[in-house]
Amino acid sequence: MIIRNACVYTEEGRFEAKDIYIEGMEFADQPRQEKEVLAGEGCIAIPGLTDIHFHGCMGADFSDGNMRALDEIAGYEAKNGITTIVPATMALPEELLQQSCEVACEFRKQQEAGKKEKKAVLCGIHMEGPFVSEEKLGAQNPDYVRRADQKMFDRMQEKSGGMIRFVDIAPETDGAMDFIRDNKKRTVLSLAHTGADYDTAGKAFAAGVSHVTHLYNAMTPFTHRNPGVIGAAVDAKAEAELICDGVHVHPSAVRMALKLFGEDRIIFISDSMRAAGLKDGTYTLGGQKVEVKGRYARLENGNLAGSVTNLMDCLRWAVKEAGIPLTTAVKCAAVNPAKSAGIYEKYGSITPGKAANLVLLRKEDLSIKSVILNGEIL
């Protein structure tokens, strides 16, 4: 395939008018034979996005622990230009979490065998629960919160076939610091759902944490005398996720985070739950009832329960409502998450030799014209 005259996002983080060549399932540096030609005039070509933190969509949740749910999730994400995914768990009984890990392992094996070709590529698991603090539950179920448990993590990692790429942890809880030191080379450790102060968070970063889950949400706030997790993360040069759904984080706070962390260390996420893509109504998340109305998903106690959007819509919101440059938004939604998940060698840029995953957006409104996944138009 040749995509002619598109405005292409390059590895240098800028847009350039040029052609894109695809050979089989990968980008190529030049055409080797006559190809299908796709017109790129009036379009922006960006890498397929990577969402490293979301729970579900279209009525399905990763923690449902069945193949139907993953099929539904991966299909919806791909159609919306999110071509690589790292879905997240919740605080739930261990047997359910293990089941989700087993299903993910089997799903990935099927993808590697060439099946499920029209689905987003499952590249890992984000273990958001259960090693969190009851002080900052957010939408986590308090019945299943537990202290950091090395043996439990090992069991889940074995069931997943080594797919757990992120583990969230509250560093002030019992056993957390030992867990961090013991696992810093095995997975990406992230501060989340935590009441840690600046000093405790700083010790966690020094011990091996490098990531912050949904910055601002379910953590100590930043103040001038108590800078908390946010201040410690800035000083430690950690990377941080942002839910850019127009609900969880104010546009000014998005702009501020980019100034504090820099565009290379901010990762846009959707944190979507099973209502994404569906109408208002009553749903569940982590075994708890969620009421969805408009852009808001809330537990019965009023806490936000994830989002009802997808990462491509988050990118558009960041550009149109928060005033983030498109080049920055693409970096935060495609490049940085792929690097964070350890998959940038194969995904996250339009580069010869990488998987041919890209999205053609119309310049006028950033709506999707085409999604190309593994060299094929969806």
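## A pocket and a helix pair

Helix α2 gives the largest share of the lining of the largest pocket, three residues. This is a predicted model, in which local features need pLDDT of at least 70, side-chain atom pairs count only at pLDDT 80 or more, and totals for chains, interfaces and linings use all residues. Residues are numbered from 1 along each chain as its sequence is written, and side-chain values use heavy atoms, leaving out hydrogens and water.

A pocket here is an open set of points on a 1 Å grid over the protein atoms alone, where a 1.4 Å probe fits, with protein on both sides within 12 Å along at least five of seven lines; lining residues have an atom within 4 Å of a point. The largest pocket holds about 360 Å³ of space. Among its 20 lining residues, Met 25, Gln 111, Gly 114, Val 121 and Asn 374 are the closest to its centre. The elements giving two or more residues to this lining are α2 (94–112) and β22 (376–377).

Now let us visit two helices. α8 (residues 311–320) and α9 (residues 326–340) pack with their axes 9 Å apart, at an angle of about 150 degrees. They are therefore roughly antiparallel (over 145 degrees). Leu 311, Leu 315 and Val 319 in α8 meet Leu 326, Ala 329, Val 330 and Ala 333 in α9, where contact means heavy atoms within 4.5 Å.

The table gives the residue classes at both sites, where Ala, Val, Leu, Ile, Met, Phe, Trp, Tyr, Cys and Pro count as nonpolar, Asp, Glu, Lys and Arg as charged, and the others, Gly among them, as polar.

| Site | Residues by class |
|---|---|
| Contact of α8 with α9 | seven nonpolar, no polar and no charged residues |
| Lining of the largest pocket | seven nonpolar, three polar and ten charged residues |

Terms used:
Axes are lines fitted to C-alpha atoms, for helices over the stretch in contact, and angles run from 0 to 180 degrees between N-to-C directions. Helices (H or I, at least four residues) and strands (E, at least two) are DSSP runs, numbered from the N terminus. Angles under 35 degrees count as roughly parallel, over 145 as roughly antiparallel, 65 to 115 as roughly perpendicular and the rest as oblique. Grid points are joined across faces, edges and corners, and a volume is the space filled by probe spheres set on the points.
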